[in-house]
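Biologist: I have a model open and I'd like to learn how to read it feature by feature. Could you walk me through it?

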Amino acid sequence: MAAPKVAVVGAGVIGLSTALCITETCPSCSVTVLSDQFSPNTTSDVAAGMLIPHTYPGTPIHVQKQWFKETFTYLFAISNSAEASEAGIHLVSGWQVFKNIPKEELPFWSDVVLGFRPMSEAELQKFPQHRFGQAFMTLKCDCPPYLLWLEKRLKATGVQMYTRKVADLWELHSEYNVVVNCAGIGAQQLVGDKKLFPVRGQVLKVHAPWVKNFIRDGDGLTYIYPGIHRVTLGGTREKESWSLSPDPGTTKDIFDRCCSLEPSLRGAQDIKVKVGLRPSRQSVRLQREILSQGGVKLPVVHNYGHGAGGFSMHRGTAKEAARLVGECIAALQGSSSRAKL
């Protein structure tokens, strides 16, 4: 058969990195990215981009660890390259602090990040409200530059990108051999996934260049993540809220909570408020499916539902999705060669 045509629906961090992995594992493919939004207007642009995994209750831990490890290894290599600044990736150390000692003193990812250890008594004195903490170094991804860096890599390999709202995956069956669904929260309508729900996140991006270390409350609600140019302050986790309008009361609450962890933030300047809807479900949906109508078949690979863990897992899940695309293409080539016999 001619070069297989693959459409990737969605241009957030999952869609772009999946498209990139497909071009790497299947160089003979013609890959097109279709999305109604590109950076800087995607959910991924709002994300803090810290590599600290969130646990998916419906996905085996060894699988999550593999995804995280692959993502960390990939971004660590970029952080050690001349492209680190353009891609917006850098190492950052800091603390995760707890008011009560957590059941899991060693999270599944503790040996993937660098230098993971319990905090000393002296370090804990910085956080008088907290009794226990973990210190480590991890990677921080400044999301808008990273998305633009991915787009640039894709264009260099000949990937086409079109602004297009896909209302039904089936509408692509006459143009493409395989469709990859990386639609994020849009998958709820696109494929009718009732297990997918938004978790609204509001964050502040502030100018506070003196803040060099990340601080994360163990409950995951309050965090201070220094980026290259701005510090991200968070956050909220509002299930089933679809509102993209910033809430001034929430802005004040986030700012006050972060200042209680890092009082010097009272001097932060130029506060910008961002809102995004995390595409959440019990487990990432990463699987093959065959759609068929009237004897015509369309192979689909789903890769969505990463919730708050998109950046921490993006490369690992993209590699798996690309492997599934390879299986779809092998099956198509097998059937087309059998048809010729």
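Predicted model: local features only at pLDDT ≥ 70, side-chain atom pairs only at ≥ 80, totals over all residues.

Biologist: Fine. What does the record say about the overall span?

Modeller: The unreviewed UniProt entry has the annotation "domain: FAD dependent oxidoreductase" on residues 5-324. In the model, that span is 28% helix and 33% strand, and its end C-alpha atoms lie 15 Å apart.

Biologist: Now a helix. How many residues does α8 have, and how far does it reach?

Modeller: Helix α8 covers residues 248-261, 14 residues in total. From its first C-alpha to its last it reaches 20 Å, close to the 20 Å expected at 1.5 Å a residue.

Biologist: Which residues of α8 are buried?

Modeller: A residue counts as buried when its relative accessible area is under 20%. In α8 that gives Thr250, Thr251, Ile254, Phe255, Cys258, Cys259 and Leu261. Looking down the axis of α8, you'd find these buried residues within an arc of 165 degrees, so they line one face of the helix.

Biologist: And which exposed residues sit on the face turned away from the buried side of α8?

Modeller: That face carries Lys252 and Ser260, both exposed.

Biologist: What covers the buried residues of α8?

Modeller: Several strands do, including β3 (89-98), β8 (197-207) and β13 (269-293). Strands β9 (214-217), β10 (223-226) and β11 (231-234) are also part of the cover.

Biologist: Which residue caps the N-terminal end of α8?

Modeller: Asp247 does the capping: one of its side-chain oxygens lies 3.1 Å from the backbone nitrogen of Gly249.

Biologist: Let's turn to cysteines. How many disulfides does the structure hold?

Modeller: For this you check sulfur pairs against a cut-off, which is 2.5 Å here. The structure holds 1 disulfide. Cys26 and Cys29 form it, with sulfur atoms 2.4 Å apart. The link of Cys26 and Cys29 is right-handed, with 70 degrees about the S-S bond.

Biologist: Are the two ends, Cys26 and Cys29, buried or exposed?

Modeller: Cys26 counts as buried because its relative accessibility is 13%. Cys29 is buried too, at 11% relative accessibility.

Biologist: And what about Cys182?

Modeller: Cys182 is in no disulfide, and the nearest cysteine sulfur, that of Cys21, is 10 Å away. At 6% relative accessibility, Cys182 counts as buried. Cys259 has 5% relative accessibility, so it counts as buried.

Biologist: Which residues does UniProt list for "binding site"?

Modeller: The unreviewed entry lists Thr43, Ser44 and Val166. Ser44 lies in helix α2 (residues 43-46) and is buried, with 12% relative accessibility. Leaving aside neighbours within four places in sequence, Ser44 is in contact with Gly12, Val13, Cys143, Leu147 and Phe311. Its side chain reaches the backbone nitrogen of Val13 at 2.9 Å.

Biologist: Where does Val166 lie?

Modeller: Val166 lies in the loop between β6 (160-163) and β7 (178-181). Val166 is buried, with a relative accessible area of 9%. Beyond its neighbours within four places in sequence, Val166 contacts Val9, Leu34, Glu171, Leu172 and Leu190.

Biologist: Last stop, the strands. Is Lys140 buried or exposed?

Modeller: Lys140, in strand β5 (residues 132-141), has a relative accessible area of 3%, so it counts as buried. Its side chain makes a polar contact of 3.1 Å with the side chain of Asp142.

How values were computed. Residues numbered from 1 in each chain as written. Heavy atoms only, no water. Helix = DSSP H or I, 4+ residues; strand = E, 2+ residues; numbered from the N terminus. Expected span 1.5 Å × (residues − 1). Buried < 20%, exposed > 50% of the residue type's maximum accessible area, 1.4 Å probe, protein only. Arc of directions from axis to C-beta. Contact = heavy atoms within 4.5 Å. Polar contact = N/O pair within 3.5 Å; in protein donor to acceptor, adjacent residues only side chain to side chain. UniProt positions renumbered as here; feature names shortened; annotations may be inferred.
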